[in-house]
Amino acid sequence: MLYRAKSGHPGGSLSAVEAIVALYFHHMKHNPKNPKDPNRDRFVLSKGHAAPTLYAALAECGYFNVNELLHLREINRMLQGHPVCTSIPGVEASTGSLGHGLSFANGIALAGKLDKKNYHVYVMVGDGETDEGQIWEAAASASHYKLDNLTGLLDRNFLQIDGKTEDVLRLESVRERWTSFGWNVLEVDGHNIAEIIDALLAVNDEKNKPSMIILNTVKGKGVSFMENNIDFHGVPPNEMEYKLAMKELDTAERALEATF
Amino acid sequence: MANPRDAYGEALVELGGKYPTIVVLDADLSKSTKTILFAKKYPERFFEMGIAEANMISTAAGLASCGKIPFASTFAVFATGRVYDQIRMDVAYSEANVKIFATHGGISVGKDGASHQMIEDLALMRALPYMTVCAPSDAAQTRRIVELMATTEGPMYARVGRANAPVLYKKEDLEEILIGKGVMLKDGSDITIFACGTMVDQALDAQEQLLKEGIAAGVVDMHTIKPLDEHMVLHCARHTKGIITIEEHSIIGGLGSAVAEVLAEHRCGVKFKRLGVQDMFCESGEPEELFEKYGLSAAVIVDIAQKFIKSK
């Protein structure tokens with residue numbers, strides 16, 4: 001997708017894959033035939049630059065034709081560079097300016113409480129994104145309103161555009177920060193789907209507190225030369241890199257299939 | 001005299017009974033914005049967000065995505081400039097049914113000084129695609145605008161001032177007040193004054209003074225700055241010799257600019273003057289003192305109107 005679009009954000013898209021797969025294919029109650037079902041679980045991609053992963057999941061689920069994925073970021077096509085809720089089926093919130101999504105998810109959770117609905121709202125936040133002050137306004141608000149129908153997924157890949165998160169604006173201790181804001185905090189291997197699902201099931205039982213699942217991830221996961229390489233935050237692969245990446249991913253896919 | 005803020009709070013209570021989907025959010029100013037009236041009546045539908053305006057706006061958008069009609073309130077300076085990006089992404093771009101109702105707009109906030117005197121909010125909100133922008137002129141009209149906000153789908157912004165204002169409308173006039181329709185309060189064949197918000201009263205004052213001098217000035221209450229009532233602007237441009245706009249806002253980007261755009265694009269060639277705060281910040285002081293010092297008064301309108309009539 002990104003190779004064809006000749007722009008986009010491969011690193012943060014790849015680090016988010018397993019969590020988004022776990023949510024859409026194993027955990028959330030949702031119906032691609034009725035994207036606006038009032039009882040659906042919701043997913044807000046606050047780190048909107050991981051749009052390709054969200055779009056791929058939505059297309060595979062059947063929200064729209066998978067062929068659309070080949071026209072990411074093209075004029076007169078549906079899939080915008082960052083998610084848009086008004087024109088792309090299944091997208092809950094328009095994101096791309098960082099720091100908004102957690103607040104938006106809080107609104108969904110408050111509405112759920114008000115309407116006594118059983119849906120759950122999930123929101124994925126980038127680790128670099130938590131530099132934004134609004135994230136901490138929202139963190140305080142979610143625990144103040146005891147939003148136990150809200151779960152955050154923090155993509156902890158340790159990198160942002162200008163370098164390592166700890167060099168750009170120190171985040172540690174991430175776990176203690178969220179705990180001190182009144183959140184139930186879990187930590188998993190963000191590339192282990194079984195672990196992610198276990199955590200998602202565990203937070204469903206949490207009462208009176210929002211939960212944050214820290215996903216320990218690798219930026220650019222799955223493509224050797226992109227892994228932990230900040231050069232691939234916002235730059236797509238060139239032709240040679242694309243071919244190499246596809247070869248690696250195909251090999252990984254075959255290896256995975258062989259285990260079934 | 002009546003306070004438009006009280007009218008807002010009372011309208012919310014009334015509409016809250018009629019529309020169970022209305023929810024209200026405030027950022028630690030509910031006593032001043034009067035959303036406290038709603039909070040007391042419907043505590044489960046009122047969300048105190050604390051001094052965290054960005055979170056308030058995006059949360060309101062999330063509520064709207066679930067079918068609620070959120071009214072988010074704080075002072076105009078915090079309700080727009082501070083949260084421009086949140087409004088841009090989560091309200092305007094998302095075409096969310098969020099209603100931002102701001103109080104303490106303009107310089108009549110007074111003694112708090114320029115930090116709290118919001119004179120760019122109409123410009124900021126007007127620039128946003130899909131955003132409706134209103135500045136009602138009295139308590140009765142405020143009540144009507146709030147009702148229209150609740151019943152009209154889409155992103156909307158409205159602002160009122162802090163102070164009491166003379167009541168200009170009777171109850172029976174209110175049904176004719178519609179979003180995007182200017183109200184011709186006075187007919188006049190010589191010049192037309194377009195005003196919004198607190199300045200409508202000054203325009204009416206100027207109209208009386210001008211009448212004594214034999215100048216017939218029309219007064220139009222342009223409570224909706226966007227979408228602008230272009231038809232009304234063009235009608236007045238064709239039937240009078242000069243147009244004056246006045247607003248409690250910067251002369252850049254608000255009502256005056258909106259009217260100027262229409263006049264220029266239609267080659268009206270009519271005499272034209274924008275009144276409002278010049279390209280500057282003001283200072284602490286009593287509202288009346290500030291209006292006088294910064295040229296937002298009936299006297300300035302009269303002066304300009306006289307010059308229009310004298311000059312060829």
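Reply: Axes are lines fitted to C-alpha atoms, for helices over the stretch in contact, and angles run from 0 to 180 degrees between N-to-C directions. Here helix 5 (residues 101–114) of chain A and helix 4 (residues 53–64) of chain B pack at about 50 degrees, their axes 6 Å apart. Helices (H or I, at least four residues) and strands (E, at least two) are DSSP runs, numbered from the N terminus. This is a predicted model, in which local features need pLDDT of at least 70 and side-chain atom pairs count only at pLDDT 80 or more, while totals for chains, interfaces and linings use all residues. Residues are numbered from 1 along each chain as its sequence is written, and chains are lettered from A and ligands numbered from 1 in the order in which they are written.

Me: What does the angle make helix 5 of chain A relative to helix 4 of chain B?

Reply: Angles under 35 degrees count as roughly parallel, over 145 as roughly antiparallel, 65 to 115 as roughly perpendicular and the rest as oblique, so helix 5 of chain A is oblique to helix 4 of chain B.

Me: Is Ala72(B) buried or exposed?

Reply: A residue is buried if 20 or more other C-beta atoms, placed from the backbone, lie within 10 Å of its own, exposed if 12 or fewer, and partly exposed in between. Ala72(B) counts as buried because it has 33 C-beta neighbours inside 10 Å. Ala72(B) lies in strand 3 (residues 69–75) of chain B, and its C-alpha atom is 6.9 Å from that of Ala60(B), twelve residues apart along the chain.
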